[in-house]
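Q: Could we go through this model together, piece by piece?

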Amino acid sequence: MFIDEVKIRVKAGDGGNGCMAFRREKFVPRGGPSGGDGGRGGDIALIANQHYNTLLHFRFNPEHKAERGRHGEGSRCTGRDGNSIELPVPIGTVVYDADTGDLIHDFTIHGDTHIVAKGGRGGRGNAQFASSTHQAPTEHEPGHPGEEIHLRLELKLLADVGLVGFPNAGKSTLISRISAAKPKIAAYPFTTLEPNLGVVQMPNDTTFVVADIPGLIEGAHEGHGLGIRFLRHIERTKLLVHMVDVSESTGRKPLDDFKIILKELESFSPELSRKSMFVVASKIDVAQDPARIQSLKRMAARRKLPFFAISAVTGSGLEELKFAMSAAVQGVGATEGRGTAGNLAS
Ligand SMILES: Nc1nc2c(ncn2[C@@H]2O[C@H](COP(=O)(O)OP(=O)(O)OP(=O)(O)O)[C@@H](O)[C@H]2O)c(=O)[nH]1
Ligand SMILES: [Mg+2]
């Protein structure tokens with residue numbers, strides 16, 4: 001589980017001022033008070049929207065102000081109300097008062113709306129103050145200020161895609177190429193010590209979240225290497241992308257790497273090995289022996305797992321992989337070749 005967090009400041013619209021005026025008309029002596037009330041200021045509401053996955057849209061937009069109410073006018077004209085604003089948040093967003101830490105609202109269903117700052121009431125115009133004993137009132141009120149509040153929005157991000165593989169397989173490099181995430185990348189194993197999250201933005205404005213977790217090695221489920229404790233971060237993903245370094249520099253066979261990781265996933269939880277899985281041959285730019293790629297590709301075909309060959313350095317194959325990930329996350333696209341890792345056990 002990863003937490004995305006933003007702080008925003010919202011200010012509802014102030015109410016419009018009440019007006020002081022008297023009716024003045026030919027042949028109507030002492031026309032009486034006619035100042036209208038001010039309009040209400042606009043509210044600011046948050047609304048849960050299933051098309052948003054992240055709080056990214058607030059990052060560059062942390063201040064929101066609703067329109068104020070118009071002032072009242074003569075002839076008992078009430079000022080127009082200010083327009084309210086609805087800010088979309090992803091389902092799962094929890095809203096706190098940033099200053100007191102109090103929970104304000106927890107958005108769990110699409111369309112759920114909560115007003116976080118109420119617009120100010122309009123001030124009353126002098127027409128409202130008239131009574132039988134007070135026929136020419138000059139009292140009129142200013143508008144009430146709109147509420148202003150500092151909010152902390154918190155979203156527990158669930159990764160849609162989990163990257164798994166040996167240390168040094170190029171997982172962090174991949175996430176840095178397809179998302180804005182800037183993980184540490186280095187030519188030694190166990191560069192990644194904590195999971196990284198990247199939000200991938202597709203040209204059609206959909207997004208999905210990829211988790212890069214520390215590399216696994218044989219015996220990880222017994223605590224070797226960094227162990228498997230990070231696997232819970234990808235337990236709820238829809239898709240696993242299994243990266244296998246096919247360059248000679250590993251000194252291992254790609255197929256062996258693949259099977260070792262699979263065994264570790266299975267030892268962690270059988271559900272994990274039943275997830276949809278892509279097989280990705282990584283670092284093809286430096287793979288001298290095509291047979292290493294072919295063996296992996298044949299194995300993927302046998303198990304009906306979609307296969308991709310990429311180089312995060314040259315960019316080769318990245319677009320195709322990105323689109324396939326997006327389609328798998330949205331649950332559309334090719335139905336054939338939708339194997340799961342568990343097929344391998346059979
Ligand atoms: N030539 C080449 N090198 C790559 C490619 N992808 C990654 N590398 C290099 O491989 C090394 C390891 O990359 P990382 O992305 O840190 O690997 P990782 O899988 O995140 O490793 P851990 O965090 O240790 O599990 C770095 O030196 C990268 O520059 C590639 O497509 N081609
Ligand atoms: Mg890494």
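This is a predicted model: local features need pLDDT of at least 70, side-chain atom pairs count only at pLDDT 80 or more; totals for chains, interfaces and linings use all residues.

Q: How is the protein divided?
A: There is a domain 1 (1-157) and a domain 2 (158-345), with bounds that come from an automatic or database domain assignment. Their centres, taken over C-alpha atoms, are separated by 49 Å.

Q: How many residues are in contact between domain 1 and domain 2?
A: In domain 1, 7 residues are in contact with 7 residues of domain 2; contact requires C-beta atoms, placed from the backbone, to lie within 7 Å. The touching side of domain 1 has 4 nonpolar, 2 polar and 1 charged residues. Here Ala, Val, Leu, Ile, Met, Phe, Trp, Tyr, Cys and Pro count as nonpolar, Asp, Glu, Lys and Arg as charged, and the others, Gly among them, as polar.

Q: Now the ligand: what surrounds ligand 1?
A: Ligand 1 is surrounded by 24 residues, the closest being G170, S172, A187, T192 and G215. A residue is near the molecule if its C-beta atom, placed from the backbone, lies within 6 Å of it. The shell comprises 11 nonpolar, 10 polar and 3 charged residues.

Q: Which helix gives the most to that shell?
A: Helix α2 (residues 171-178) does, with 3 residues. Helices (H or I, at least four residues) and strands (E, at least two) are DSSP runs, numbered from the N terminus.

Q: Which residues of α3 are buried?
A: They are P254, D257, F258, I261, L262, E264, L265 and F268. Buried means 20 or more other C-beta atoms within 10 Å of the residue's own, exposed means 12 or fewer, and partly exposed lies in between, with C-beta atoms placed from the backbone. Down the axis of α3, the buried residues fall within an arc of 160 degrees, so they line one face of the helix. The arc is that of the directions from the helix axis to the C-beta atoms.

Q: And what do they pack against?
A: The buried residues of α3 pack against β9 (161-165), β12 (239-245), α4 (270-274), β13 (276-282) and α5 (290-302).

Q: Which residues of α6 are buried, then?
A: In α6 (residues 318-330), the buried residues are L321, K322, M325, S326, A328 and V329. Their arc is 165 degrees, so they line one face of the helix. E319 and E320, on the other side of α6, are exposed. Just after α6, G331 has a positive phi of about 75 degrees.

Q: Which residue has a positive phi although it is not a glycine?
A: K283 is one of them, at about 65 degrees. K283 lies in the loop between β13 and α5 and is buried, with 24 other C-beta atoms within 10 Å. S75 also has a positive phi, of about 55 degrees, without being a glycine. S75 sits in the loop between β3 (63-65) and β4 (85-89) and counts as partly exposed, with 14 C-beta neighbours inside 10 Å.

Notes. Residues are numbered from 1 along each chain as its sequence is written. Chains are lettered from A and ligands numbered from 1 in the order in which they are written. Two residues are in contact if their C-beta atoms, placed from the backbone, lie within 7 Å. The expected span of a helix is 1.5 Å times one less than its number of residues.
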